[in-house]
Amino acid sequence: MGKFVYLFNEGHGNMRDLLGGKGANLAEMTRIGLPVPYGFTITTQACNAYYESDKTIPALVESQTLEALRLLEEKMDKKLGDPQNPLLVSVRSGSVFSMPGMMDTILNLGMNDETVVGLAALTNNPRFAYDSYRRFIQMFSNVVLEIDTYYFEQYLEETREHKGYTSDPDMTAEDWKEVIVGYKEIVKKHTRKDFPQNPKEQLFLAINAVFNSWNNQRAIVYRRLNKIPDHLGTAVNIQSMVFGNMGNDSGTGVAFTRNPSTGEHVLYGEYLINAQGEDVVAGIRTPQPIATLKDEMPGVYQQFSDTCHSLEQHYKEMQDIEFTVERGKLFILQTRNGKRTAQAAIRIAVEMVEEGIIDKKTALLRVDPDQLNQLLHRRIDDKAERRILAKGLPASPGAATGRVVFDADEAEQLGNEGKKVILVSPETTPDDIHGMVAAQAILTSRGGMTSHAAVVARGMGKACICGCEALKIDMKAKQFSVGDTVVKHGDIITVDGSTGEIMLGEIPMIDPELSEEFQQLLAWADQERKIGVRANADNPEDAKKSFEFGAGGIGLCRTEHMFMDLKRIPIVQKMILAETYSERMEALEELLPMQQGDFEGIFEAMQGLPVTIRLLDPPLHEFLPNKEELLVEVTKLQILNPDSEELKQKELLLKKVRQLDEFNPMLGHRGCRLGMIHPEIYDMQAKAIFYAAARVAEKGLVVQPEIMIPLVGHVNELKQMRQLVVDAAVRVQEETGKVINYTIGTMIEIPRAALTADQIAEEADFFSFGTNDLTQTTFGYSRDDAEGKFLQAYIENKVLPENPFAVLDQDGVGKLVETGVKLGRATKPYLKTGICGEHGGEKSSIDFCYRTGLDYVSCSPYRVPLARLAAAQATIRHEANREEVYTTA
């Protein structure tokens with residue numbers, strides 16, 4: 001017989017897969033003696049059994065739940081549904097991985113027309129009892145009966161206004177009785193049934209609803225966004241209620257053991273007096289900072305502070321804690337590892353090492369490499385003039401500019417079109433997640449630093465400002481106002497999530513600066529990692545930035561990007577349009593010093609580190625005007641100015657464009673095939689490299705050029721191109737008297753190259769896997785067409801687990817990489833290998849590269865810090881299992 005239900009004292013913190021994160025933590029806190037309201041957990045396996053039984057709770061799960069309920073009633077000396085001494089419980093979801101706000105919660109379950117009377121008598125507080133009952137009706141009706149909470153909120157607001165009240169605490173017991181009658185009428189109107197009065201029926205309906213919430217839209221979107229598997233299921237936690245709304249000696253709050261925005265080692269959070277938990281996170285009332293609890297309830301604050309310290313020491317991690325104070329007594333409802341910004345994650349990891357809580361390797365594993373992108377993008381220029389419109393709570397740092405939108409669906413639509421928008425709303429709900437993903441930033445007029453908007457934005461690394469009460473938002477008119485200033489839908493604003501400031505218009509931004517803690521963490525990463533990190537850089541500016549970010553060299557310098565300069569395009573076109581060899585050479589002679597200058601700048605910026613330069617890769621037609629546009633221009637000139645010199649030039653250009661036009665340019669006359677037919681182009685580039693190297697060497701700098709031949713599919717291609725480069729080197733060496741140490745290799749981006757890598761290695765000093773093109777040629781996908789037409793549908797329908805152009809396809813493309821490395825090193829045991837596609841900056845792909853034995857990864861300059869950290873994490877995770885079969889260059 002399978003066990004589907006565990007009392008809190010039967011579990012522990014390592015049962016996360018079975019009890020979910022929340023259940024495991026409740027069990028662990030119970031085990032170590034913290035004041036946790038008693039309860040039990042229905043496991044994730046029960047959730048899966050529910051779906052296997054066609055969304056029906058199996059009999060075994062039901063019987064075990066009723067037995068656990070009986071034991072809970074004994075423990076609490078109360079009974080569910082007892083009119084004189086009622087037990088009330090909360091029913092909460094609890095997935096294996098934290099999914100804040102994505103699934104459903106029900107509080108005060110067990111209330112009905114009889115138990116509310118008993119609760120009022122027991123507590124001698126009728127107002128509290130009827131307030132709790134109306135909360136239960138509203139929450140249960142929304143979560144279980146699927147009635148939009150808007151109807152209840154609208155009714156409550158109308159009642160408050162009619163009675164002249166400004167907030168919920170003004171309402172009396174008699175007022176709440178009226179509201180309850182109105183709420184029941186809403187339920188009857190929408191369901192044509194009375195609100196359920198049987199507490200056990202309520203309980204199992206609630207369990208059903210939590211299981212169902214595992215597959216609600218927002219949960220599915222969140223799992224997809226955070227790469228959480230769909231098969232895990234959610235646990236259900238049934239916990240005896242404690243009440244923060246029993247008067248001014250009660251309250252509820254959420255707190256972090258350290259500041260989740262900055263990482264500062266201070267208690268950070270908010271609480272509300274005389275309130276229940278949902279009041280804090282829903283943003284309905286603006287809470288107080290946790291520090292003021294010290295004045296309101298000094299004894300409770302000290303106990304809570306000590307508990308926070310104990311939890312952080314126990315879990316050795318920053319904690320996010322939910323608590324309730326009932327008549328002066330503290331209860332801990334939940335703890336979990338707190339979500340934090342990248343800035344905070346780094347500071348917390350480094351300071352925990354300094355405090356002796358964790359070691360350096362643990363610190364490195366604590367920071368998600370993807371989070372580092374938050375710190376490597378631009379922020380508002382301090383010198384820029386700020387037209388500050390209003391100021392709210394700085395809920396998630398960073399800055400963003402965009403057009404104001406008020407609807408999550410529209411934010412998603414415009415975001416998918418590449419437009420930058422800022423989502424503005426009184427408060428966000430979990431249903432808005434798709435719009436929050438697409439927006440540049442989120443701005444709310446209600447809610448605090450632990451509201452839904454704040455927590456989700458921090459997890460995404462998006463700028464967020466909450467609780468900006470100066471904003472008067474008119475959702476119908478799609479505008480907001482601050483005083484006399486009206487900001488309409490589509491107007492541009494800038495927000496600074498680090499200061500809480502909202503500004504009109506677009507404000508200049510500047511590049512980021514890396515904190516001391518960031519530099520320290522990366523220094524530790526460099527000490528640990530056993531795989532190199534280089535950068536893809538095509539000009540001296542990018543090379544300089546790469547060096548600053550700690551790149552160990554340039555893994556890919558794309559020489560065609562140098563040709564794209566507006567001043568050079570006419571010369572490049574002259575070279576392409578040349579009718580004779582001498583005309584082409586004349587154009588190439590003009591280009592040579594330009595390329596040489598670029599290479600000199602890159603060599604100098606890298607200060608002796610290796611630079612891999614790929615010779616011209618794209619087909620020549622890419623440097624010419626668009627055929628359709630050119631045809632239109634020629635047709636117009638033929639009609640309007642048939643004898644003009646311009647027409648003759650355009651017709652000549654059109655003729656050449658048609659000659660170079662290809663059915664499938666990606667598989668056509670490009671890469672080494674271009675060098676084979678027009679060796680003079682590659683000869684010019686090789687000479688430019690060696691002239692630049694000689695010039696820089698004269699300045700006393702070390703130069704390490706690595707010349708890469710692209711798109712090789714057969715060893716004979718590389719053999720010929722290698723000889724061409726060697727001949728150019730000899731000529732330049734004789735001319736300059738400078739001996740340059742260089743290597744010649746190839747980019748493995750054609751499946752045949754990987755499959756015949758043992759032959760190709762005979763002519764190669766190194767392999768660089770071009771995983772962008774290797775993915776295209778392996779899948780048979782044109783990237784532009786695939787991403788625009790069907791790839792997203794493939795991912796959503798789980799045909800593919802990830803976009804293979806963003807995350808390396810280890811089962812297919814990865815096997816070709818493994819094959820290429822193995823065969824290449826069979827010929828040359830110390831053959832240097834790396835990857836230079838976009839996968840070089842993606843953490844799981846870097847992990848694969850380490851396991852496969854590559855010497856380095858190469859990525860864009862701004863992803864170098866990410867790659868350094870991911871490389872260290874891969875080393876720490878796999879070092880014991882990795883067999884060193886090469887010497888890292």
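In which helix do Glu-548 and Lys-545 both lie, and how many residues apart are they?

Analyst: Glu-548 and Lys-545 both lie in helix H19, which covers residues 540–548, and they are three residues apart, about one turn of the helix. Helices (DSSP runs of H or I, at least four residues) and strands (runs of E, at least two) are numbered from the N terminus. This is a predicted model, in which local features need pLDDT of at least 70 and side-chain atom pairs count only at pLDDT 80 or more, while totals for chains, interfaces and linings use all residues. Residues are numbered from 1 along each chain as its sequence is written, and side-chain values use heavy atoms, with hydrogens and water left out.

The two residues form a salt bridge, with their closest N and O atoms 3.4 Å apart; the term stands for a side-chain nitrogen of Lys or Arg within 4 Å of a carboxyl oxygen of Asp or Glu. Lys-545 is buried because its relative accessible area is 19%, whereas Glu-548, at 46%, counts as partly exposed. Buried means under 20% relative accessible area, exposed over 50%, and partly exposed in between, using a 1.4 Å probe and protein chains only.

Elsewhere, salt bridges with shared partners join Arg-127, Asp-131, Arg-134, Arg-135, Arg-160 and Asp-168 into one network. Within it, Asp-131 and Arg-127 meet at 3.8 Å, N to O, and both belong to helix H5 (residues 126–143), where they sit four residues apart, about one turn of the helix. Asp-131 is buried, since its relative accessible area is 2%, and Arg-127 counts as buried at 17%.

A further salt bridge links Asp-526 with Arg-529, whose closest N and O atoms are 2.9 Å apart. Here Asp-526 is partly exposed at 29%, while Arg-529 counts as buried at 17%. Over the whole structure, the search finds 52 salt bridges.

With a relative accessibility of 7%, Asp-617 counts as buried. Its side chain is joined to that of Arg-670 by a polar contact of 2.7 Å, meaning a pair of N or O atoms within 3.5 Å, of which, within protein, one must be able to donate a hydrogen and the other to accept it, and residues adjacent in sequence count only if both atoms are side-chain atoms. Leaving aside residues up to four places away in sequence, Asp-617 touches Glu-560, Arg-670, Gly-671, Pro-710, Leu-711 and Glu-749, where contact means heavy atoms within 4.5 Å.
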